[in-house]
Amino acid sequence: MTAHELKPSQSILTLADIAKIVSAELKGDGSTVVTGLATLANAESGQVSFLANPVYKHQLADTRASAVILDENNSAECPTSVLLCTNPYLAYATLSHYFEFSSSVAGVHDSAVVHDSVIMGEGVSIGPNAVLQQGVVLGANVTIGPGCVVDSFVTIGDDSTLHSNVTLYHHVVLGMRVNVHSGTVIGADGFGYANDKGKWKKIAQLGSVVIGNDVDIGASSTIDRGALDDTVIGNGVIIDNQVQLAHNVVIGDHTAIAGCVGIAGSSVIGRNCTLAGAAGVAGHLVIGDDVHIGMQAQVTSSISEPGSYASGTGLMPTDLWRRNVVRLRRLNDFYRRFVVLERR
Amino acid sequence: MTAHELKPSQSILTLADIAKIVSAELKGDGSTVVTGLATLANAESGQVSFLANPVYKHQLADTRASAVILDENNSAECPTSVLLCTNPYLAYATLSHYFEFSSSVAGVHDSAVVHDSVIMGEGVSIGPNAVLQQGVVLGANVTIGPGCVVDSFVTIGDDSTLHSNVTLYHHVVLGMRVNVHSGTVIGADGFGYANDKGKWKKIAQLGSVVIGNDVDIGASSTIDRGALDDTVIGNGVIIDNQVQLAHNVVIGDHTAIAGCVGIAGSSVIGRNCTLAGAAGVAGHLVIGDDVHIGMQAQVTSSISEPGSYASGTGLMPTDLWRRNVVRLRRLNDFYRRFVVLERR
Amino acid sequence: MTAHELKPSQSILTLADIAKIVSAELKGDGSTVVTGLATLANAESGQVSFLANPVYKHQLADTRASAVILDENNSAECPTSVLLCTNPYLAYATLSHYFEFSSSVAGVHDSAVVHDSVIMGEGVSIGPNAVLQQGVVLGANVTIGPGCVVDSFVTIGDDSTLHSNVTLYHHVVLGMRVNVHSGTVIGADGFGYANDKGKWKKIAQLGSVVIGNDVDIGASSTIDRGALDDTVIGNGVIIDNQVQLAHNVVIGDHTAIAGCVGIAGSSVIGRNCTLAGAAGVAGHLVIGDDVHIGMQAQVTSSISEPGSYASGTGLMPTDLWRRNVVRLRRLNDFYRRFVVLERR
């Protein structure tokens, strides 16, 4: 289910519809009309809510929602109609798409600049002032937002969406059901230079970027093209905003990369990893599968063991921080003095 | 005073004009013509300078400025005409707008794509190749720069400016006197997913972004739309470049957020806070009013006490850093060995 | 050699051609036709590879490349034709440009919006939907990509390229052979405010940005205009993606700035420095020549000594990290307890 299939006109459902959509058991009146989703605290009559995180359980008793999606543990205490299922958060995720706004319209806007050689599948939508250069190939139901620039010989698979003002460089390949948010740039040159007696000599970046199926990429992220081989993003990868992936990075399937992460050149990240916000990965590393990296973490070596890793000093009142940092700068000396004392 | 009111032709003033503009007492010839502002060190005849930071006091004696804005403490030593006031830096801020360049022109450029349903106040300027979709509402004197994309049902208050190549997603609301710099994206989807047996299931982001009055947002920043409720930016908030504000973040009035800061989902920041460059705030935290966060700080817990907080190790020569980090990784062990020794 | 001179049709060379291009001694058949470059591991017949990093020496014996660029130390062991030179990496950098794809075409696209007053040198290329405002001056062979916005009175030197969707604010100056990648914004307002009883009063940013010759700037970077004086980028500087340079920053010649670096206002960086990914530099600092800053480093003081500097805690398993951080927050107390013990 992707955004372009959902129209505002579809967003009126009955509780019976919803029970079917999320495979829940309905306890209540199936003919009740629902026009939206909301949190337990803010839901009004005519809206459905959900309870997935026990932190919010205390809000259940007072909710004004017409129905709540929840699991067996919370069913008895619910004052409203119940949509009973085993994974309420997943049910909410599924249902959410039925209330999503979409304004894209099939067809090519008059103001778009589309090269004669562009090949399009059925149901393609190209927004105002988009630019598609020579040899671009678009699968069925692809949406290209206003102001996007899709350079020569780019290939985009079925049901993919570029939101407004996305830039794809030449020869970039996107799979099916890929969503790219505004401001993101895919396929710019990697940062490769040879040093010639103090001057930087640019190395042309001859690889491309290949992105798998079911990939989401947030706003203002950058994924550079490879130096010789391609930069590769696996299937089912999700990437947040302002992420920087350098040339020849490889991201394994179903890995999640949060906002402001930077991964330096040629590093390979495994499958089913998570990188929290602003984590940094040095170049030429290999991170295995199922590795979880904390916020702002400093990854300077390869990681072969699955598990959770972190960096940083935590937060301190600034005065205390200053005193501690002074000691930290001499920690090795301090330790050596300690060892001398310990041995006495 | 916003940029679009200022024209290059207005940038010739006399010292008498300036004294009036900044509420200063003039000691000197009010008919002297001024064509610009400059630092004490670089000012030439015909320019006004200012002394706000005592660090630059030594430059006063040799300045070639036609006049200097300063306070009583420095008046006696000034070799030029004096514009005497209590807050020279604020006076400089006020005066600076009279010398600002602006090229925006009221009216809709022929190349802009504006949906028939768009409603515009008086004095609106829409630049070349801008795109405004269905149902957009623009207040008086709004400027939309070249290449901007303003998606369906966006509302922008009076006297606001989008510089070139800004992207606003559907239903985003901007208050009055909001300035947004190029490359910034407001209203892209928040990073919300349910995990379904190792695969990420996207959650449609049904909230929007609501931005108050008198808000400045720098270049290439991203503010995501909320999952269910809105992401909210208060009045008088100032946001620098490359800032990432995730879904459902709430920023209190008059808070300042410096470049490269990232704030994760649902965190609430108080009023009159400052976040220095590249600080990171984890999700679901509550930061109170008057909290000041240092550069690159790692905020992993809520903060209720006003004050100044910091993180990081400071900078060391790399060899020393390596030795200290080795000890830091074993700091807890080291401490426990110390306690054993201390108890003996 | 810049991208726009290189056409796909030029990318068939003989080994004799290549020997001449990279000033190498050819050991092999000069008439062998070469159609591309590849790594030792992936090269096929008809491709040239290179050996610069000893890590890859073991791949030499099995390479299927038609020829390998290498130095005397590895010549004897090469099973293929040899292109012998003293700096194989530099030779690779030089050769790489002969295989680079370019689709830019001289001339102004019909859909571009170019003000009558714009002055252009010979061979200029302006892509679809680009916008050039009043008084812009373009040197010879300048390429302006699709969707770029070049505001009033910008000057761009010969042989410079703006890739798609670049934004230059008014009066910005670019030297010769400057390359700017997509999404980058140059000349937005610096983050300057005076605080007026708790409210932020914007300071108009009256300086500009001046960029030297032979500068490369990656994607989605931001370089702010100066408050009074200009922000200045020296000759031969290379800047990666998502870099933030605040107002009045000065970067010395031939300095390299990696992805996600942020430099706060008025800091001055010397010549031939390197800043690794996500390093942060506080405002008003002076960093001398030949200073090398590590990834995510926290630069809070000026640096006068050349050398290598670093910050951060390194990476730890999260459980261990938590225990160590608890101790780090009390490191100063710990040290003082130690001193007491040591003195006994």
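**Notes on a three-chain predicted model**

1. Strands count as paired here if DSSP finds at least two bridges between them. Helices (H or I, at least four residues) and strands (E, at least two) are DSSP runs, numbered from the N terminus.

2. Some housekeeping before going on. This is a predicted model, where local features need pLDDT of at least 70, side-chain atom pairs count only at pLDDT 80 or more, and totals for chains, interfaces and linings use all residues. Residues are numbered from 1 along each chain as its sequence is written, while chains are lettered from A and ligands numbered from 1 in the order in which they are written.

3. How do the chains relate to each other? Turn chain B by 120° with a shift of 0.0 Å along the axis, and it lies on chain A with an RMSD of 0.0 Å. Chain C goes onto chain B by a rotation of 120°, again with 0.0 Å of shift along the axis, at an RMSD of 0.1 Å. These two copies are thus related as by a three-fold rotation axis. The superposition is by least squares on the C-alpha atoms of residues with pLDDT of at least 70 in both copies.

4. Within chain A, the domain assignment lists domain 1 (3-99), domain 2 (107-309) and domain 3 (317-344). Those bounds come from an automatic or database domain assignment. The centres of domain 2 and domain 3 of chain A, taken over C-alpha atoms, are 44 Å apart.

5. Now the interface of chains B and A: 63 residues of chain B and 62 residues of chain A take part in the contact. On the chain B side, β22 (193-196), β23 (199-202), β38 (298-299), β39 (307-310), α4 (318-328) and α5 (331-343) each give at least two residues. That side divides into 25 nonpolar, 27 polar and 11 charged residues. Contact means C-beta atoms, placed from the backbone, within 7 Å. Ala, Val, Leu, Ile, Met, Phe, Trp, Tyr, Cys and Pro count as nonpolar, Asp, Glu, Lys and Arg as charged, and the others, Gly among them, as polar.

6. Which helices pack between these chains? Helix α5 of chain A (residues 331-343) packs with α4(B) at about 55°, the axes being 7 Å apart. That angle makes α5(A) oblique to α4(B); angles under 35 degrees count as roughly parallel, over 145 as roughly antiparallel, 65 to 115 as roughly perpendicular and the rest as oblique. Axes are lines fitted to C-alpha atoms, for helices over the stretch in contact, with angles from 0 to 180 degrees between N-to-C directions. L331(A), N332(A) and Y335(A) of α5(A) meet R323(B), N324(B), R327(B) and L328(B) of α4(B).

7. Take a look at chains A and C as well. The axes of α4(A) (residues 318-328) and α5(C) (residues 331-343) come within 7 Å and cross at roughly 60°. Here R323(A), N324(A), R327(A) and L328(A) meet L331(C), N332(C) and Y335(C).

8. Last, chains C and B: 63 residues of chain C touch 62 residues of chain B. β40 of chain B (residues 316-317) pairs with β39(C) in the antiparallel sense over two bridges, and P317(B) stands opposite Y309(C).

Conventions
Contact = placed C-beta atoms within 7 Å.
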